[in-house]
Amino acid sequence: MTRKVDHNSSRERASVKQALALQRAAGSLSVRTNRQVSLALQGGGSLGAFTWGVLDRLLEADNVSFDAVSGASAGAINAAVMASGFAKSGRTGAREALERFWRRASGAALAPAFSDALAFSARVLSPYEFNPFDLNPLRLLLSHEVDVDCIRRSPFRLLLGATRVGDGSLRLFRESEITIDVLLASACLPLLNQAVAIDGADYWDGGYAANPPLLPLIETSSTDQILVVQIIPQKGAAHPRSKKDIVRRLDHIAFGASLTHDLGTIDMIKALTQRGDATRNKIASCEVARISAEDAWPGLAEADPLNLDWGFLCDLRDAGRGAAETWLTAPAPEKIYARPSPAAQSASRPARYVG
């Protein structure tokens, strides 16, 4: 008996195989194709080691280049260390500088007994009382790895934020303005460090005003590809009871509020409708992808942002590298802002938050 051949079925299987081959090729091509992005780096203490991992993997990819980088607190420090190392010795120099900085940060961590004593002092005294000479070990760490003259020659632009104490507003510092004091200001926790004076004004951690500075980055960026590296957990204990858990959750909310605001609140939408057509159209056309440490690191909400144990930092780095690898190989990055329809564009409506 002769077996009947289903030519339609054969053709369908061939089409499926061809489609799968094209899909695999497209995924592979997404890694090889040159991509220019602007980065928004969130701050969050030692959780910034996750960002180190993301940057390490992106710097490893020769096809990825940076147009502009914004950051606050640990995000600003990562950006400055990377820019300084890049200006000195290219991608390899940037990767090595980031590793040296985080290794030194771990080595400079206080012993548990001293750390507990500092935490107790911060609960009952101001930094002007328990640290009258304003000693800050971060200054020495930064002086080893950040060359402000090299930053001025950085191949990508920088927008590093600090919060003006007097009115709570955000000040952005560009490449030509960045000093060690600017970085200390961007990472200044007011219960642990004295405010940093710059041009006659006092500054605290940039995360209070914008963590990270996202809208200014979009306005400045020459590329419409924006990548946000988010390290502050959005989710946490629904019913924290201990003082430690309450304080930790308050910190998460306070330092994550500005990003949540920039991505989706009504105030942001109202602000966009008041902007000029050029800025509004630029924001409407950009694509914002997000790498979230919370998605890559289970239990991030319980992690201590003051933990500088080298093993902990390396685990975060590896999680960041893995998350960056996923972003690099994805055919299409996660879109936070959707492109509006032609009708919406003609009506000059802002982009809709969908992420």
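Student: Before we start, what does contact mean here?
Tutor: Contact means heavy atoms within 4.5 Å. Keep in mind that this is a predicted model.

Student: OK, tryptophan 52. Which helix is it in?
Tutor: Tryptophan 52 lies in helix α2.

Student: And which residues is it in contact with, leaving aside neighbours within four places in sequence?
Tutor: Tryptophan 52 is in contact with Asn78, Leu98, Glu99, Trp102, Trp310, Leu313 and Arg317.

Student: Buried or exposed?
Tutor: Tryptophan 52 counts as buried, because its relative accessibility is 1% and buried means under 20%.

Student: How far apart are the C-alpha atoms of tryptophan 52 and asparagine 78?
Tutor: They are separated by 6.8 Å, while the two residues are 26 residues apart along the chain.

Student: What about the helices themselves, how do α2 and α3 pack?
Tutor: Two packed helices are described by the angle between their axes and the distance between the axes. For α2 and α3 the angle is about 25° and the axes are 9 Å apart. That makes α2 roughly parallel to α3, since angles under 35 degrees count as roughly parallel. The crossing of α2 and α3 is right-handed.

Student: Which residues of α2 and α3 meet?
Tutor: From α2 they include Trp52, Leu55, Asp56 and Leu59. Among those in α3 are Asn78, Met82, Phe86, Arg95 and Trp102. The residues of this contact of α2 with α3 divide into 11 nonpolar, three polar and five charged.

Student: Switching topic. How many salt bridges does a search of the whole structure find?
Tutor: The search finds 16 salt bridges. Side chains of opposite charge can pair when their charged atoms come close.

Student: Which residue does aspartate 56 form a salt bridge with?
Tutor: Aspartate 56 pairs with arginine 321, and the closest N and O atoms are 2.5 Å apart. Aspartate 56 lies in helix α2 and arginine 321 in helix α14, so the pair ties together parts that are 265 residues apart in sequence. Aspartate 56 is buried, at 9% relative accessible area, whereas arginine 321 is partly exposed, at 22%.

Student: What do arginine 57 and glutamate 325 do?
Tutor: Their side chains meet in a salt bridge, 2.4 Å from N to O. This pair also links distant parts of the chain, with arginine 57 in helix α2 and glutamate 325 in helix α14, 268 residues apart. Arginine 57 counts as buried at 12% relative accessibility, and glutamate 325 counts as partly exposed at 31%.

Student: Which residues are linked in a network of salt bridges?
Tutor: The network links Asp56, Arg57, Glu60, Arg95, Arg321 and Glu325.

Student: Back to helices. At what angle do α3 and α6 cross?
Tutor: They cross at roughly 150°, and their axes come within 9 Å. That makes α3 roughly antiparallel to α6, because angles over 145 degrees count that way. The crossing of α3 and α6 is right-handed.

Student: Which residues make that contact?
Tutor: Ile77, Val81, Phe101 and Arg104 are among those of α3, and Leu138, Leu141 and Glu145 are among those of α6. The residues of the contact of α3 with α6 divide into eight nonpolar, two polar and three charged.

Student: How do the side chains of arginine 104 and glutamate 145 meet?
Tutor: They meet in a salt bridge, 2.7 Å from N to O. Arginine 104 is in helix α3 and glutamate 145 in helix α6, 41 residues apart.

Student: Is glutamate 145 buried or exposed?
Tutor: Glutamate 145 counts as buried, at 4% relative accessibility. Arginine 104 counts as partly exposed, at 34%.

Technical notes: Residues numbered from 1 in each chain as written. Predicted model: local features only at pLDDT ≥ 70, side-chain atom pairs only at ≥ 80, totals over all residues. Heavy atoms only, no water. Salt bridge = Lys/Arg side-chain N within 4 Å of Asp/Glu carboxyl O. Helix = DSSP H or I, 4+ residues; strand = E, 2+ residues; numbered from the N terminus. Buried < 20%, exposed > 50% of the residue type's maximum accessible area, 1.4 Å probe, protein only. Axes fitted to C-alpha atoms, helices over the stretch in contact; angles between N-to-C directions. Parallel < 35°, antiparallel > 145°, perpendicular 65-115°, else oblique. Left-handed = near helix turned anticlockwise from the far one by under 90°. Nonpolar A, V, L, I, M, F, W, Y, C, P; charged D, E, K, R; others polar.
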